[in-house]
Amino acid sequence: MGGETSDVLNKVHNDFQKIGKKVAIATGKYLCGIDIICKDISKSLKKQKCNILEVNGKPDLTIHYNPTYGRTQDVVKEILNFIVTLKI
């Protein structure tokens with residue numbers, strides 16, 4: 001197995017966050033990994049063809065901690081902050 005990871009958080013267009021929330025709600029998941037295929041993650045979904053490849057109910061969080069390129073994202077901290085502020 002091989003591959004490279006890149007931190008692209010500062011490049012992601014806001015449309016991806018919106019569609020991610022809709023996918024999470026549709027699948028009944030508070031936490032999921034959504035694999036999206038697109039030409040340019042910095043461009044609006046309205047300006048390109050995009051497809052959802054899969055939704056992972058148990059996403060790999062470790063890939064965010066030492067990416068091949070870019071900086072580490074403390075996703076566990078963000079998840080815990082979300083859980084603490086969650087109003088069910």
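**Exercise 1. Determine what share of the contacts in the chain with a separation of 6 or more comes from residues 24 or more positions apart**.

Solution. Step 1: a contact is defined as heavy atoms within 4.5 Å. Step 2: among the contacts with a separation of 6 or more, 51% are made by residues 24 or more positions apart.

The structure is a predicted model, in which local features need pLDDT of at least 70 and side-chain atom pairs count only at pLDDT 80 or more, while totals for chains, interfaces and linings use all residues. Residues are numbered from 1 along each chain as its sequence is written, and side-chain values use heavy atoms, with hydrogens and water left out.

**Exercise 2. State how many helices and strands the chain has, and give the order of the elements**.

Solution. Step 1: helices (H or I, at least four residues) and strands (E, at least two) are DSSP runs, numbered from the N terminus. Step 2: the chain has two helices and two strands. Step 3: read from the N terminus, the order is α-β-β-α. Step 4: helix H1 covers residues 14-27, strand S1 covers 33-38 and strand S2 covers 50-56, and helix H2 covers residues 75-85.

**Exercise 3. Describe the chain as a whole by its box, its burial, its accessible area and its charges**.

Solution. Step 1: along the principal axes, the C-alpha atoms fill a box of roughly 35 × 30 × 25 Å. Step 2: a residue is buried under 20% relative accessible area, exposed over 50%, and partly exposed in between (1.4 Å probe, protein chains only). Of the 88 residues, 15% count as buried. Step 3: the chain exposes about 7300 Å² (Shrake-Rupley method, 1.4 Å probe), and 56% of this area is supplied by carbon and sulfur atoms. Step 4: there are 14 positive and 9 negative side chains, where Lys and Arg count as positive, Asp and Glu as negative, and His and the chain ends are not counted. The centres of the two sets lie 10 Å apart, with each charge placed at NZ of Lys, CZ of Arg, CG of Asp or CD of Glu.

**Exercise 4. Decide how many disulfides the structure contains, and examine Cys38 and Cys50**.

Solution. Step 1: a disulfide is a pair of cysteine sulfur atoms within 2.5 Å. Step 2: the search of the whole structure finds zero disulfides. Step 3: for Cys38, the nearest cysteine sulfur is that of Cys50, 4.5 Å away. For Cys50, in turn, the nearest cysteine sulfur is that of Cys38. Step 4: Cys38 counts as partly exposed because its relative accessibility is 25%, and Cys50 is likewise partly exposed at 25%.

**Exercise 5. Explain why Gln48 is classed as buried, and identify the backbone oxygens that its side chain meets**.

Solution. Step 1: Gln48 is located in the loop between strands S1 and S2. Step 2: the relative accessible area of Gln48 is 14%, so Gln48 is buried. Step 3: Gln48 touches Phe16, Cys38, Lys39, Asp40 and Lys43, when residues up to four places away in sequence are not counted. Step 4: a polar atom of the Gln48 side chain lies 2.7 Å from the backbone oxygen of Asp40, and a polar atom of this side chain lies 3.0 Å from the backbone oxygen of Lys43.

**Exercise 6. Are Asp15 and Lys47 buried or exposed?**

Solution. Step 1: Asp15 lies in helix H1 and is buried, at a relative accessible area of 12%. Step 2: apart from neighbours within four places in sequence, Asp15 is in contact with Ser44, Leu45 and Lys46. Step 3: Lys47 belongs to the loop between S1 and S2 and is exposed, at 70%.

Terms used:
Polar contact = N/O pair within 3.5 Å; in protein donor to acceptor, adjacent residues only side chain to side chain.
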